[in-house]
Amino acid sequence: MLYRENGQFKTTYAADQQTFPIAQDRWAILAILAFAFLGVPLFVDEYLLRAILIPFLILSLAALGVNILVGYCGQITLGAGAFMAVGAYAAYNFHIRIEGLPLLLTLLFGGVAAALVGIVFGIPSLRVRGLYLAVATLAAQFLTDWVFLRVPWFTNYSSSGSVSVANLQILGWQIAEPIDKYLFCLSWLTVFALLAKNMTRCAAGRQWMAIRDMDVAAEVIGIRPMVAKLSAFAVSSFFVGIAGALWGFVHLASWEPAAFSVDRSFQLLFMVIIGGLGSIMGSFFGAAFIVVLPIALNQFLPALGRLLGVTVSTAGVAHAELIVFGVLIVFFLIKEPHGLARLWSTGKEKLRLWPFPH
Amino acid sequence: MNAGGEVVLDLQKVSLSFGGVKALTEISFDVREREIRAIIGPNGAGKSSMLNVINGVYRPQQGEIVLRGQRFTRMTPYKAARAGMSRTFQNIALFRGMSVLDNIMAGRNLRIASNLFQQAIWWGPARREELAHRERVEQIIDFLEIQHVRKTPVGRLPYGLQKRVDLGRALAMEPSILLLDEPMAGMNVEEKQDMCRFILDVNDQLGTTIVLIEHDMGVVMDISDRVVVLDYGRKIGDGIPDDVRANPEVISAYLGATH
């Protein structure tokens with residue numbers, strides 16, 4: 001009843017081409033943003049921020065990047081963790097080697113460095129596709145793992161191999177407390193989600209999707225596969241690189257290469273598959289699913305055990321958590337292979353017609 | 001009938017083989033400005049290969065393509081698109097995950113001037129450009145009478161409409177030469193009539209030169225100005241429909257020779 005386009009007549013193409021053509025969507029997004037910026041800080045505690053919200057925001061940003069490459073351009077990647085690492089370590093090196101470089105620029109430069117590395121590792125995509133490309137991008141993962149572990153220059157000759165940053169600030173705003181970190185990450189995510197939305201609905205997005213859906217036809221209408229694929233790799237790695245820099249600088253503050261291992265790459269790929277390939281919204285759903293579910297299970301399983309009168313050991317919970325998590329992923333992929341975003345849009349379509357079936 | 005224009009596309013002794021199989025043998029023919037030029041022939045005659053050579057999907061071992069006086073020994077799809085050629089596909093090659101509108105908008109790709117940064121920001125040049133292209137695309141949608149499905153993903157459309165969207169995407173490039181690969185294959189009579197009307201209108205109103213492959217003899221003879229006949233990769237006939245129809249070699253290729 002509430003979610004209706006009836007009566008929202010558009011008389012110009014401009015009105016039809018806005019970011020959110022349906023008025024209810026516009027209001028909902030504004031409300032969510034207002035709540036995230038103003039409402040959330042009023043009642044969250046430190047645990048919620050540190051364990052759930054900040055990782056969710058940063059991984060959403062990374063998932064957005066992965067979704068541009070995998071979901072929109074159809075180029076499968078297992079190297080997302082590597083590009084996060086490049087972003088983080090590049091930003092770190094800019095941070096310590098250039099005196100007084102503003103934090104914003106440091107993080108952006110980290111993203112740019114990741115984009116350049118992404119273009120290099122995107123070159124195989126011009127020749128190979130599918131699983132073969134996945135293996136080629138996996139090489140990026142192993143290479144960066146090795147480089148940041150073995151080449152001491154990148155870690156500024158730190159003896160333990162881990163690096164740390166402190167005293168982050170922008171124009172006198174100290175980003176030290178979890179709530180500051182949360183707002184900082186939220187701002188990045190808001191801006192970049194908007195940029196991603198714009199790119200994907202413009203000519204760039206159409207080029208990517210054309211290459212994904214039918215590359216011969218794309219070439220015939222004048223899309224150069226090289227430009228389309230490498231631009232997708234660049235934009236994707238830029239997003240992922242910035243997410244990596246935020247992960248290192250803001251979330252961890254002190255990290256070693258293991259923070260960006262191949263596990264992270266898989267995790268990001270799962271996020272976009274579960275969330276929905278080729279959907280901006282899906283990236284958020286996927287990140288929420290992957291970040292929140294293990295923690296929720298962790299809380300829920302012992303309670304369930306007590307209810308049934310079984311005492312579950314901590315190790316048991318940890319194992320059960322993995323099992324249930326895996327089962328849920330398989331269940332979702334069978335029931336809804338297009339991800340949570342498809343459920344969402346089906347739901348919206350139903351709501352639009354409710355209470356009528358057609 | 002406008003068969004009198006100057007030659008815009010000239011194929012000179014084109015030969016194409018896949019391994020040991022000769023798909024095309026020394027084929028030469030030309031296409032004149034504003035005409036409808038049909039390529040016909042039995043199954044496996046090399047018609048689709050011919051079209052793929054013209055717009056650079058296949059690279060012939062021998063021969064040249066002269067497009068408005070410019071010689072191409074190595075045509076690529078991108079060069080062909082730049083030179084004003086567009087095409088449709090026999091087994092519809094639409095972007096299935098995208099809406100009708102996006103598919104046709106994708107056809108405007110070569111005319112997009114804004115860069116990725118401008119598009120990411122949206123406000124400004126990218127938005128102005130997008131709206132201008134949308135207007136042109138809407139004219140094409142009106143022309144093809146597919147207004148009611150403009151936001152539908154093409155994968156959900158029936159076959160006949162998909163064929164129209166395919167034509168729409170090709171038209172969005174505002175081509176000077178349009179290549180149509182069996183535009184009426186698998187259609188019923190009404191859909192064929194609609195498609196014929198669209199093809200004739202494009203030729204007539206926009207002055208687009210059309211090269212088409214078609215199986216339906218009636219349609220070909222009715223709408224085309226000149227016809228090339230291929231059989232086993234060789235050219236066996238070339239001329240206006242009435243001459244081709246009377247050509248004994250063509251008759252034997254189609255009906256079998258009387259011995």
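Two residues are in contact if their C-beta atoms, placed from the backbone, lie within 7 Å. The model is predicted: local features need pLDDT of at least 70, side-chain atom pairs count only at pLDDT 80 or more, and totals for chains, interfaces and linings use all residues. Residues are numbered from 1 along each chain as its sequence is written, while chains are lettered from A and ligands numbered from 1 in the order in which they are written.

**View 1. Chain B as a whole.** Chain B holds 10 helices and 10 strands (DSSP runs numbered from the N terminus: helices are H or I with at least four residues, strands are E with at least two). Its radius of gyration is 19 Å, close to the 18 Å of the globule rule for 259 residues, so chain B is as compact as a globular protein of that length. That radius is taken over C-alpha atoms, and the rule is 2.2 Å times the number of residues to the power 0.38. Along the principal axes, the C-alpha atoms of chain B fill a box of roughly 70 × 40 × 35 Å. Among contacts in chain B with a separation of 6 or more, 68% join residues 24 or more positions apart. Buried residues make up 43% of the 259 in chain B. A residue is buried if 20 or more other C-beta atoms lie within 10 Å of its own, exposed if 12 or fewer, and partly exposed in between, with C-beta atoms placed from the backbone.

**View 2. The two domains of chain B.** Domain 1 covers 1–84 + 175–259 and domain 2 covers 95–173; such bounds come from an automatic or database domain assignment. The C-alpha centres of the two domains of chain B lie 27 Å apart. Where they meet, 11 residues of domain 1 contact 9 residues of domain 2. On the domain 1 side, α2 (77–82) and α7 (189–205) of chain B each give two or more residues. The largest share, 4 residues, comes from α7(B). By class, this side of domain 1 has 8 nonpolar, 1 polar and 2 charged residues. Here Ala, Val, Leu, Ile, Met, Phe, Trp, Tyr, Cys and Pro count as nonpolar, Asp, Glu, Lys and Arg as charged, and the others, Gly among them, as polar.

**View 3. Ile146(B) in its loop.** Ile146(B) sits in the loop between α5 (125–144) and α6 (159–172) of chain B. Is Ile146(B) buried or exposed? Ile146(B) is buried, with 20 other C-beta atoms within 10 Å. Leaving out residues up to four places away in sequence, Ile146(B) touches Val100(B), Ile141(B), Leu161(B), Arg164(B), Val165(B) and Gly168(B). Arg164(B) is 18 residues from Ile146(B) along the chain, and their C-alpha atoms are separated by 8.1 Å.

**View 4. Where chain A meets chain B.** The contact takes 25 residues from chain A and 34 from chain B. On the chain A side, α1 (13–16), α7 (178–201), α8 (203–213) and α9 (215–220) each supply at least two residues. α8(A) gives the most, with 7 residues. The chain A side has 15 nonpolar, 6 polar and 4 charged residues.

**View 5. Chain A as a whole.** Chain A comes to 14 helices and 4 strands. Its radius of gyration is 21 Å, close to the 21 Å that the globule rule gives for 358 residues, so chain A is as compact as a globular protein of that length. Of those 358 residues, 43% count as buried. In chain A, residues 24 or more positions apart account for 76% of the contacts with a separation of 6 or more.

**View 6. Helix α11 of chain A.** This helix spans residues 262–275 and has 14 residues. From first C-alpha to last, α11(A) reaches 20 Å, close to the 20 Å expected at 1.5 Å a residue (1.5 Å times one less than the number of residues). Of its 14 residues, 10 are buried, so α11(A) is largely enclosed by the rest of the structure. The buried set includes Arg264(A), Leu268(A) and Ile273(A). Buried residues of α11(A) pack against helices of chain A including α3 (46–72), α6 (131–150) and α12 (280–307). Gly276(A) follows α11(A), and its phi is positive, near 135°.

**View 7. Helix α4 against helix α11 in chain A.** The two helices pack at an angle of about 115°, with their axes 6 Å apart. Axes are lines fitted to C-alpha atoms, for helices over the stretch in contact, and angles run from 0 to 180 degrees between N-to-C directions. From α4(A), Ala80(A), Gly81(A), Ala82(A) and Met84(A) meet Val262(A), Arg264(A), Ser265(A), Leu268(A) and Leu269(A) of α11(A). This contact has 6 nonpolar, 2 polar and 1 charged residues.
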